[in-house]
Amino acid sequence: MPEKFDVIVVGAGPAGIACAYELAKHGVNVLLIERGEYPGSKNVMGGVLYRKMMEEIVPDFHKEAPVERPIVEQRFMMMDKTSAVTFSYKGMEWAQEPYNNFTVLRAKFDQWFAQKAVERGALLVCETVVLECVVEDGRVVGVKTDRPDGELRADVVVLADGVNSLLAKSLGFHKEFRPDEVALATMEILKLDKKIIEDRFNLEEGQGCTIELFGDATKGILGTGFLYTNKDTLSIGVGTLLSGLIKHKIKPYELMEYVKKHPMIRPYIQGGEPQEYLAHLIPEGGYKSIPKVAGAGVIVVGDAAQLVNAIHREGSNMAMTSGRLAAEAIIAAKERDDYSEASLDAYRQSLMASFVGQDMKKYKDATHHFDKFPQYFEQYIPMMNRAASQMLTVDGTPKREKQRKIWRDMGSFGQKVKIARDFYRAWRVMK
Amino acid sequence: MLHIVACIKQVPDTKIIKMNPKTNTMDRSSAPAILNPYDSHAVEEAVRLRARYGGVVSVLTMGPPPAVKAIKKCIEIGADEGYMITDRAFAGADTLATSYALTKALEKIAAEVRPIDLIICGKMTIDGDTGQVGPGIARRLDMPPLTSVNKVVEVNREECFAIVHRKLEDGYEVVRSTLPCLFSVEKEINEAPYSPLPNMLKAARYQPKIWSVDDLPGIDRTQLGLKGSPTIVSSVWAPQKPQGGKLLDGDPNKQAEQLLEVLLARRELFAAVTETATGGA
């Protein structure tokens, strides 16, 4: 007779751990199953963790959690081949409590977070793969794992199995994701002396900086690069829609090497000793790709539910919030002793009413728009660089003449109208 | 009821550990702590013997508190109970002091829990590589030590004997011993299967019994830890990595010729042969 739990959570990433933590906190008998050797061993993200959503689960977490650096500056670099226009915001309000966000290394952080869930009473089993949900009479009643005697029962199974959620797919909640619904990100962790990091990024001791890279970082393919400061390492990476890599016939590691050698990036990472190489898919289909998230005896959270805001590089915070909301819905369902789809649908409703659903909806066309119209990355960013160079190069040319040159560089009247229309459209999809 | 105790140790994974080039010590933070691979075979063999003859499998370890993880791993493999001795007084122990402390814990298990029929250890640990702790325990408990065991033919509790194969350089020998005795086992004795899920759940919930020095009756503190360890490690160094190497081209005959030329020129392997050949001519 297979053992029965109140809830089985599949996958110990931010969504799954948050869900298990909240459930355990409320005395629910919850099992968290992870396929990796330990929580975090298979998890990848660039590294920005937002304070607010984490704190809604574990108050004051940063005092004990293995965070790397609080971010005090965020830079946005619009790159051409040998130049960049950079916007930045740095604020000392981010250098103190309550902080805005932190860089983290997931292998460390997720282990800690999972340990917190275990301390609350969740049971954690690693190195175990859930092969399928056990379905009886149209309800999910448990899971089957790859281990001998590997079947278990539960009132609710929470699918936090990540971007490719094979489990949600096998339940018919979504189809195989298309290459334009997922991005492929590769990243490296480079070891560098603490002091050197702080000097290079203009930081006081212990503070951190993030740089987002647009344009030539991805050779004009829709996507972004990033360079984040950790305690004594840098995280550098680049992610583009899978469809873009296919279309341009570029291999992800080639893009990675290209970014590392880029003259705007090279000086930051010089001397960094590669420690780890990671790669992962990111769900970027947005609102329209969100699958069915609640069924009879089953709930889908985090990346498995495609909850990523690609424009604002937010994902782990949405994952955690979805995990927390799932837990709340399950606790309410437990009180009613009703785990039907109608009962668990409360999760979908609260998710859509939260910032997660609202932001997903707000940017529902954004990725698709920039994917459909590649000129933003391919043409406008280089144009912006040429304009800046023209305007800031002092060579005896009168400024009025320089403005005329920039204006001419934007092309014919028809092309200028097109640019204006594109920016209007971009504003429309982002507003 | 047959009672088998496996003695196990948590070790840094020496396959990936880095050496600190300045201090010539192991950088323990560079490698995860794992159950000593030989010990996992020891536990697996104990579990298999339990399947054959019935009984109880216990595991015992000495180590710092995080070593609980290694015991949990043994529960995953199928052990019934876990015991751990942990105390600052044990720190810095060599194989002599370690075997003494473990013996005291084994005596306590035998006296207070149930008598021990068989002790199984891994052949050696991958961090120390000495293979001395197992025989040390056997000597202290006055049991026959059977080292390099690669097959257990029979364990007979009623008639008090065990028959095993001991690995030799060119084969094996069949040995019969009285019980209780101690085996230290080779890796090839078994292959650990993928642990069943109920074991995983048991391990996730399991808390071993943890004893400090004060819990071990009649223990002589002077024989513990650094104080009780006559071994002195005067220096440690990482082995030199072999430099370079030359690739030989051409067909096999040509390659062989080239190789011979080099070896003859360096007079390393065939010095004697060359002299004979020259003398003959």
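In chain A, 45 Å separate the centres of domain 1 and domain 3, taken over C-alpha atoms. This figure, like every other one here, belongs to a predicted model. The domain assignment of chain A gives domain 1 in pieces, namely 4-66, 105-174 and 288-353. Domain 2 of chain A covers 182-283, and domain 3 of chain A covers 368-430. Chain B, for its part, is divided into domain 1 (3-223) and domain 2 (246-281). The C-alpha centres of domain 1 of chain B and domain 2 of chain B lie 49 Å apart.

Two packed helices are described by the angle between their axes and the distance between the axes. For helix α9 (residues 316-336) of chain A and helix α10 (residues 341-353) of chain A, the axes come within 8 Å and cross at roughly 150 degrees. Because angles over 145 degrees count as roughly antiparallel, α9(A) is roughly antiparallel to α10(A). The crossing in which α9(A) passes α10(A) is right-handed. On the α9(A) side, the residues that meet α10(A) are S322(A), L325(A), A326(A), E328(A), A329(A), A332(A), A333(A) and R336(A). Their counterparts in α10(A) are S343(A), L344(A), A346(A), Y347(A), S350(A) and L351(A).

Chain B holds a helix pair of its own. Here the axes of helix α2 (residues 68-77) of chain B and helix α5 (residues 197-205) of chain B come within 7 Å, crossing at roughly 155 degrees. That angle makes α2(B) roughly antiparallel to α5(B). The crossing of α2(B) past α5(B) is right-handed. From α2(B), the residues K72(B), I75(B) and E76(B) take part, and they meet N199(B), M200(B), K202(B) and A203(B) of α5(B). This contact of α2(B) with α5(B) divides into three nonpolar, one polar and three charged residues.

Chain B also contains an open sheet of nine strands with mixed pairing. Read across the sheet, the order of strands in chain B is β11-β10-β9-β12-β8-β1-β6-β7-β13. Strands β11 (171-178) and β13 (209-211) of chain B stand at the edges, each with a single partner strand, so one side of each is left without a neighbour in the sheet. On average, and with direction ignored, neighbouring strands of this sheet are turned by 30 degrees against each other. Within the sheet, strand β1 (residues 3-8) of chain B runs parallel to strand β6 (residues 56-62) of chain B, and six bridges join them. In this pair, C7(B) stands opposite L60(B) of β6(B).

Two helices of chain B pack on this sheet. Helix α3 (residues 95-113) of chain B touches β1, β6, β7 (81-85), β8 (118-122) and β13 of chain B, and its direction makes about 145 degrees with that of β6(B). Helix α4 (residues 133-140) of chain B touches β1, β8, β9 (145-156) and β12 (181-185) of chain B. The direction of α4(B) makes about 65 degrees with that of β9(B).

Finally, the two chains meet. The contact takes 10 residues from chain A and nine residues from chain B. On the side of chain A that touches chain B, the largest share, three residues, comes from strand β7 (residues 123-125) of chain A. The residues of this side of chain A divide into four nonpolar, three polar and three charged.

Definitions and conventions. Residues are numbered from 1 along each chain as its sequence is written. Chains are lettered from A and ligands numbered from 1 in the order in which they are written. This is a predicted model: local features need pLDDT of at least 70, side-chain atom pairs count only at pLDDT 80 or more; totals for chains, interfaces and linings use all residues. Two strands pair if DSSP finds at least two bridges between them. Helices (H or I, at least four residues) and strands (E, at least two) are DSSP runs, numbered from the N terminus. Axes are lines fitted to C-alpha atoms, for helices over the stretch in contact, and angles run from 0 to 180 degrees between N-to-C directions. Two residues are in contact if their C-beta atoms, placed from the backbone, lie within 7 Å. Ala, Val, Leu, Ile, Met, Phe, Trp, Tyr, Cys and Pro count as nonpolar, Asp, Glu, Lys and Arg as charged, and the others, Gly among them, as polar. Domain bounds come from an automatic or database domain assignment. Angles under 35 degrees count as roughly parallel, over 145 as roughly antiparallel, 65 to 115 as roughly perpendicular and the rest as oblique. A crossing is left-handed if the near helix is turned anticlockwise from the far one by less than a right angle, and right-handed if clockwise.
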